[in-house]
Structure formats: C-alpha cells, structure tokens
Amino acid sequence: MRVLNNLPTYKRIRHSLLSACMLALMTSCALAPWEENKLSKKAPEQRAAISEDNLKQSPESIKLRKDLYMNKESAVFELLAQAEQARLNGDLEAALRFYERVLSFAAHDQSALAGKEEVMKELAQNKTLENASALLQSNDMAAAKSKVHEVLLENPRKKSALMLDNQLRSQASSSATEPPKLKPTTDKPVTIELRDANIKAVFEALSRATGINFILDKDIKPETKASIFVKKLPIEDAIDMILSSNGLQKKVLSENTALIFPSNVQKLKDYQDLKIRSFYLNNTNAKQVAGMLKSMLKTKDIYIDERINMLVMRDTPEVVRIAEKLVSSVDIADAEVMLDIEVLEVSRSRIQELGIVYPNQLAVIGADTGLTLEALKQLKSSGVGVSPNPALNFKKTVGDVNLLSNPRIRVKNNEKAKVLVGDKVPIITTTSTANVGISENVTYIDVGLKLDVEPHVMLDDFVNIKVGLEVSSLGERTVTRNGATVFTIGTRNANTVLRLRDGETQILAGLILDDERKNASRLPGLGDIPLLGRLFSNQEDRKSKTEIVLAITPRIITNLALPDAEVSEYWSGTETLITDKPLTTVPAGASGPSAPLTTLERLREQRLERQRELNGTPAQDEVAPNAADEQAGELIPNPADTEGNGQVPSVVPPPVIVDPQPIPVPNTPPVNIN
C-alpha cells in the first residue's frame, strides 16, 4: 500500500531524470567543437581542388558545397596576402607567382587579375628605370629624363622613379646654377710687361694669346692706359691683376667669353648675378638668424616665414655661401640632460601621556539659557555635573614615517622644470558686501614637495643647476566665525646653484624640523608636591623630528655639437667687399714697395742685363734658366727710339706671343706666354 501510494512521486522523479538527461544531451551537443577541417594542412590550391572534386562526386550535398566555398575563399585570401607581402618586400617575381597560383583555381578572381597586371607593369617600369640609370651614368641626361618621365606618367607615386627624377633635377640644377668658368686654350703661365698701353689693346693681345673673347662695356673710356708688370702668373690671375689695378670687373658669360665693365655700384647692380637661398631652421629662431645676417653681411633682401621657421635671402653667391656657414654654426641642437632626483623625508614622533585627569569644573546641568534664583532654590545634587570626567591616562605613541620620491626629468638646456609631489589645499576667502551678503571664494595652494630645476650644460660636460626646493605641510586647524576651516601651513625652502659633472651625485641635507613640547595639568597645591604631585597631575610629552634629504644626479644625454673648423673660421672679405676668399689682387690705385721702375731706370737695367749676356756673366737674380726661358727673352726697346725727354713713345702692344719663340717686333713692350 505504501508503494502504491507513492507511485505519483516515482513518476515525478522519473520525469525529472529523463528531463535532466535530455538537457544534458542537448547541452553536450551545443557545446561540442566544430568539425576539424581535414584539408587545413594542404596547400591552398590543393584545398580548393580537393573540395571541388568532392562536390562533383556528391553535387546534392550542402555541406560539401559550403566546404568548397570556404576552402576556396580561404585559399584565395591566403595567397593574395602572401603576394602583397612579397610586393611590399620588393620581390615582384615572387608576387607574380602567387597571383598565378590564385588564377590556377580561380581564373576570374579580379583581385588576382588586377594584381598580376600591376606587377607586370611595375616590372616593365623597373626595367625602364634601369635603362635610365645606365643613360645617366653615360651622361645622357636628356634620354634618362625622358625614360623617367615615361614611368612617372604611368605611376606618379613610384618611389624609385621619383628618386631618380630628383637626382636628374639636382644635377641639372647644379650645372645650371654654377656660374661658367673661363677655360683658356693654354695653361702656360703668362709674363706681361706693359707701360701706359691702351686698355683695349691689352685685352686684344690677351684674347689672341688665350683664345678668350673679351667684351668691353661701353662706359670704359677708350683713353684708359694700363701699366702692369707680372712674370709667370696663371692666365686668370693675370687677368684679375689687370682688372683690379684699373678699377674693372669681369663677368664670365661662357667658357671663352667674358664681359669687362667698370667697378662701380651701378655697374655691379646691372651685371652682378644674385642668388636666392631658402633656409629651413630646426633649432634656432628665424628672426634671430635674420638679425645676425643683416648685422654681419649687411644684406637687406631677407624674408621671414614664422609659420615654418624659414627665411629667404637674396644676395651675391659669395654672400650666400658665407650665410650658409653662419646658419650652420648657429642652427645646432641644444644640449639635453636627464636629472635623476631622489627626495627622502624621514619623520619621527613620540607622544607620551601619563597621569590622572581630575575634574576641574562644576556646572549646573541644563543651564545653557541662563540660571535664575528660582532654579537655584530647586537645585539638587542630580542637577550638578563635573567636567572633565575622571580618567587615568597611560598612553605612549611612537611614529616613524619615511617618504620617498624619485622623479626623473629630461630637461632641455636652459629650460625650467618643475616637480610637485603633494596636494592642492583649498583656501576659502569670505567677502562681506553691504546690502548684498556674504560671498566665498576658493583658491588652491600647493602643499607637499615642490622642486624647481634649471640646468645649463657646459661644453666640458659639467652641468650648472639652479635648484629651488620647497617642502610644505598642513599645520593647526582653525575654524573662523563663519564656520570655515583653515589650516596653518608650515614651509621649508632651500635655493642654491650647483656645478656637477656628468653622473656626479650631490646630496643636500640638513632641512631638519625638531619640535619638543611638554604639557601638564595639575590640581592646585597637591600637584606641586615633589614626587607625590604626579598622583594629582596629568603630563603629556610630545617630540617630533623631520629631516629632508635631496640627492640630484645629472646625466647628459646630448651635449652641444660644435661645428666643423671650416664653419667656425673662414674668410669674409674686406670692409667694402664680402667674399669667402682672401684678396689676392691689388686694388686700383694701390702702391707697394715693388712699384714699377721709371723708363730710364728700366733702360739701364736692360743694358746691364744685355751686357752680362754678351759677356757670359749671369745676372745676380738668375738661377739656371732653361732653354724655354732663354728663348722667351724680353724684347728691349731701342734707346735710339726714345724721345728727347727720355720717354719711350706710346705704341700699340703687339699680338701676344703664343709660340715660345718670340717674334721680334721693334719698339714694343713684350707680352709673353711661357
């Protein structure tokens, strides 16, 4: 009967067990892992081919169709990724092979088709650029530029083509911007001996000897006479000597043509070439550099762009070259230093309270509003209270606090850095205004450890550091009449300037705060009894000591990099002429100890020299002349041709002798090329 009565219970248990089994089975099926792809270890094209063969055997299978799509898609994606990586690495041949592998099982894949076309085009472009480089090495710049231009039309962002184009442009611009130089037909030194010769005839003779065409400015006076005596000088130096001694300047128009003009301000403005130079500054200010260039080089045409810290100047090539050296000497990176700072604050406190607290006040309870005579009549012992409550104190408190702060700051040279380790405490200021009311303003002050440093890195790897240390803490609390709470702030400051070597550690200590307080509460009379008075008193002893230690170590990261010697010291010309080379020619009108001899003195010297040659006695200043020097002897004017006043008549100089054998022309001063 008991089993039959419990039959519904058994049915409920059986249904519960069946439900639990079904739920567990469904859960296990739901959490079962996906079926592993058996083709995952095959090559991409093999996965696609095997999946396609499986689908051909069972075309109605949805699973096989899904596997084909997934395997084919993953294979294409994998090969395309490898192709792109090969292109990024510059291996175009490998990228082309990857694209062809994709097209082997996905012939219509647009990504693979487009990638293959781009790679083939890029290979052709690389071949064209190789031909352009070969043409550039053979100095065929026109053909090389045409090849590069062809590639840039197809791919304007191709890096190798852009680099080669920049190289072509730089070479073309350098060849175009460099002024031409004279190239005489001979490199033999020249000997010129002329007195009071017509300037045009002088340049005509030089033109015949050197093959250089001289164009004379119209403002050169035809009656200008030139007297010059040089021996065995290079042709260009001889030309410069003639120009400088007669107040002339030249402008080279080509390798065999020069323009000669008077050396005055107006002609220099008309003929002198000017260059424009842009300076992009990294470590200095464009305004300061512009002021330096104006002061040192007296240049006026300067434009400043503060947005990109750039300046542009326009002046002669010599001035521009000096400006480049000046800018290089000031546009250098500042020094940097890493300051390793360690701040230690050691605080110790001792508090001891020992004794008995006795009541020291009797008061009527509940008499805050005032005490009346009627209330005193009804006063009972229950209405009188004592304060404070009696207590026995035996307490001792010991506190040790160590605070450590270790900031590391990277600071630029001559810049300030600040470190604050602490809190910002609000300070409330109350303002009362008539007919308006009371207003409160809140300001915050820094409380804690505040450190200010300003390093100056020296060239000898020393660091001068200006240090400002301030340690502040909250003191006693005070409540104002309006209910605001304020605190007393204790402060300790230290300011100094240190000079430390790179890596040297300096310790600043001695900021000690030592506080000692003793308070005693005693019963009158009884507390003053020696020894026994301690039983009728309560004594509190407080001691606190705080010390702050600062350790600072500079570590130079980069010091000031001094420029090269050629940028630190160089020639800058004269007071009136700015140039990057020393003056080697004599200005017009200058005279020196080696001034030319007069006509009579020169005739005497020539007679003496001819007499020595006839007698076979060498001159005192001769040193074994060679055959060429003997053949290229001077032509001596005939003394009979002199006028009555002893002066040689002015004659037009003969053609310059190019052949070492001089052509004797009577009564003409010689111009020889040895």
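This is a predicted model: local features need pLDDT of at least 70, side-chain atom pairs count only at pLDDT 80 or more; totals for chains, interfaces and linings use all residues.
## Confidence along the chain

The mean pLDDT of the chain is 75. A score of at least 70 is reached by 76% of the residues. Strand 7, residues 302-305, has the highest mean pLDDT, at 93. Helix 17, residues 627-631, has the lowest, at 36.

Residues 20-34 have a pLDDT below 50. Beyond near neighbours in sequence, this stretch makes zero contacts in the model. Residues 586-597 also stay under 50. For residues 586-597, the model has 15 contacts beyond four places in sequence.

## Helix 3 and helix 4

Helix 3 covers residues 44-57, and helix 4 covers residues 62-88. They pack at an angle of about 165°, and their axes lie 8 Å apart. An angle over 145 degrees counts as roughly antiparallel. Helix 3 is therefore roughly antiparallel to helix 4. Their crossing is left-handed.

Which residues of helix 3 meet helix 4? They are P44, E45, R47, A48, S51, E52, N54 and L55. On the helix 4 side, the residues include L64, R65, D67, L68 and N71. K72, S74, A75, E78 and L79 of helix 4 also take part. By class, this contact holds seven nonpolar, four polar and seven charged residues.

## Helix 9 and helix 10

Helix 9 spans residues 199-210, and helix 10 spans residues 235-245. Here the packing angle is about 175°, with the axes 12 Å apart. This pair is therefore roughly antiparallel.

Helix 9 brings I199, V202, F203, L206 and T210 to the contact. Helix 10 brings I235, I239, I242 and L243. How many of these residues are charged? The contact has no charged residues, with eight nonpolar and one polar.

Four strands form an open sheet, in the order 14-15-16-17. Their pairing is antiparallel. Strand 14 (417-433) and strand 17 (485-501) are at the edges. Each edge strand has a single partner, so one side of each is left without a neighbour in the sheet. On average, neighbouring strands of this sheet are turned by 20° against each other, direction ignored.

Strand 16, residues 462-479, runs antiparallel to strand 17. The two are joined by 16 bridges. What stands opposite V471 in strand 17? The residue is R492.

Key. Residues are numbered from 1 along each chain as its sequence is written. Side-chain values use heavy atoms; hydrogens and water are left out. pLDDT is the predictor's confidence in each residue, from 0 to 100. Contact means heavy atoms within 4.5 Å. Axes are lines fitted to C-alpha atoms, for helices over the stretch in contact, and angles run from 0 to 180 degrees between N-to-C directions. Angles under 35 degrees count as roughly parallel, over 145 as roughly antiparallel, 65 to 115 as roughly perpendicular and the rest as oblique. Ala, Val, Leu, Ile, Met, Phe, Trp, Tyr, Cys and Pro count as nonpolar, Asp, Glu, Lys and Arg as charged, and the others, Gly among them, as polar. Two strands pair if DSSP finds at least two bridges between them. A crossing is left-handed if the near helix is turned anticlockwise from the far one by less than a right angle, and right-handed if clockwise.
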